[in-house]
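Subject: Structure for you to look at

Hello,

Here is the structure I promised to pass on. Please open it and keep it in view while you read my notes below.

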Amino acid sequence: MVEDGREARRPQGELVAEVLAVLWAAEEPLTPQQINAELGRELARTTVTTILTRLHEKGTLVRTRAGRGFAYAAADDAAGLAAGRMRRELEREPHRDLVLKRFVSSLSKDDEEALRRLLRESGDGA
């Protein structure tokens, strides 16, 4: 992207989302160099490594030794990551019942029914 003769900044999180998509599609952990190649961009090695390190520190990625560096894999799939974000937001709120009430009241009829079904199913197995 070029804007006014200089490189325009990507929307925040776009590159992170692309890195995660590469890792979710991979069948094994990947090194920063492999991820960079899969992205098909000419990114600096440090750019990809910084993203991977930050995601690892947040618990989004796991890493294993690969030679002198690391290979990375997603700690969870996209749905698991979204659920974790929702849980963390809920845990920060002192009025959890109010947050849950407002969340449920904002759902579409289909989503509300899906939530009710999932709650019934989880109660059956407990």
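Predicted model: local features only at pLDDT ≥ 70, side-chain atom pairs only at ≥ 80, totals over all residues.

**A ring with two charges**

The charged end of R65 sits over the ring of F70, 4.4 Å from the ring's centre.

Where is T31 found? T31 lies in the loop between α1 and α2. Is T31 buried or exposed? Its relative accessibility is 18%, and the cut-off for buried is under 20%, so T31 counts as buried.

A search of the whole structure for aromatic pairs finds one.

**The overall layout**

The protein has six helices and four strands. From the N terminus on, the order is β-β-α-α-α-β-β-α-α-α. Of its 126 residues, 21% count as buried. Now take the contacts between residues at least 6 apart in sequence. Of these, 39% join residues at least 24 apart.

Two packed helices are described by the angle between their axes and the distance between the axes. Here are two such cases.

Start with α1 and α3. Helix α1 covers residues 14-25, and helix α3 covers residues 45-57. They pack at an angle of about 80°, and their axes are 11 Å apart. The two helices are therefore roughly perpendicular to each other. Which residues make the contact? From α1 come L15, V16, V19, L20 and L23. From α3 come T47, I51, L52 and L55. By class, the residues of this contact are eight nonpolar and one polar, with no charged ones.

Next, α1 and α2. Helix α2 spans residues 32-39. The angle between α1 and α2 is about 105°, with the axes 10 Å apart. That makes α1 roughly perpendicular to α2. On the α1 side, the contact is made by L15, E18, V19, V22 and L23. On the α2 side, I35, E38 and L39 take part. How many charged residues does the contact of α1 with α2 have? There are two, alongside six nonpolar and no polar residues.

Best wishes

Conventions
Residues numbered from 1 in each chain as written. Heavy atoms only, no water. Axes fitted to C-alpha atoms, helices over the stretch in contact; angles between N-to-C directions. Parallel < 35°, antiparallel > 145°, perpendicular 65-115°, else oblique. Contact = heavy atoms within 4.5 Å. Nonpolar A, V, L, I, M, F, W, Y, C, P; charged D, E, K, R; others polar. Phe/Tyr/Trp six-rings, centres within 6.5 Å; stacked < 30°, edge-to-face > 60°. Lys NZ or Arg CZ within 6 Å of the ring centre and 35° of its normal. Buried < 20%, exposed > 50% of the residue type's maximum accessible area, 1.4 Å probe, protein only.
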